[in-house]
Amino acid sequence: HADDASLENGNGGGGSIGPARYLDFSLGSNPSEFQSILDEMQNEIESIGREIAEMVDLQDPKAFQHCDWKYCSCHEFRRRFRGDTVWSRERDGGVE
C-alpha cells in the first residue's frame with residue numbers, strides 16, 4: 001500500500017517492500033504457457049516457505065524483524081514480550 005509507513009522509512013522487514021504494482025498479466029495463450037506461469041508462482045511461494053522455515057530453525061527470537069505495515073499485527077504482538085528478548089529497531093539498528 002502506498003500509504004504504509006514502511007515505504008517512507010525503508011523498514012519493511014524483508015527489503016522487497018515498495019510501491020504497489022499491478023500483477024495483471026497474461027496467463028498464457030495455451031495450457032503450456034499457463035502451466036509455466038503457475039510453476040513460477042509455486043516456486044516463489046515455496047521459496048518464501050523455506051525462508052520462514054530457516055528463520056524458525058534458528059530458534060532466535062531476535063532473528064525476526066517486525067514490519068510497520070498497518071495491516072500486519074506483528075509489531076503489536078511484540079509489546080507482549082520483554083524488550084530485550086526480541087528484535088528492536090531502536091536497539092538493533094534497523095533492517096539490514
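In this briefing a residue is called buried when its relative accessible area is under 20%, exposed when that area is over 50%, and partly exposed in between, using a 1.4 Å probe and protein chains only. The structure is a predicted model, in which local features need pLDDT of at least 70 and side-chain atom pairs count only at pLDDT 80 or more, while totals for chains, interfaces and linings use all residues. Residues are numbered from 1 along each chain as its sequence is written, and side-chain values use heavy atoms, with hydrogens and water left out.

**Overall architecture**

- The chain has four helices and zero strands, where helices (H or I, at least four residues) and strands (E, at least two) are DSSP runs numbered from the N terminus, and its order along the sequence reads α-α-α-α.
- Of the 96 residues in the chain, 16% are buried.

**Confidence**

- The mean pLDDT of the chain, on a scale of the predictor's confidence in each residue from 0 to 100, is 76, and 77% of the residues reach 70 or more.
- Confidence is highest in helix α2 (residues 31–57), at a mean of 91, and lowest in helix α1 (residues 5–9), at 49.
- Over residues 6–14 the pLDDT stays under 50, and the model has 21 contacts beyond four places in sequence for this stretch.
- Where pLDDT is low, the predicted coordinates should not be read in detail.

**Salt bridge**

- The structure holds one salt bridge, meaning a side-chain nitrogen of Lys or Arg within 4 Å of a carboxyl oxygen of Asp or Glu.
- This pairing joins the side chains of arginine 82 and aspartate 84, at 3.0 Å from N to O.
- Arginine 82 is exposed, at 57% relative accessibility, whereas aspartate 84 is partly exposed, at 45%.

- Asparagine 30 belongs to the loop between α1 and α2 and is partly exposed, with a relative accessible area of 33%.
- A polar atom of the asparagine 30 side chain lies 3.0 Å from the backbone nitrogen of serine 32.
- Leucine 38, in helix α2, is partly exposed at 35% relative accessibility.

Methods. Contact means heavy atoms within 4.5 Å. A polar contact is a pair of N or O atoms within 3.5 Å; within protein, one must be able to donate a hydrogen and the other to accept it, and residues adjacent in sequence count only if both atoms are side-chain atoms.
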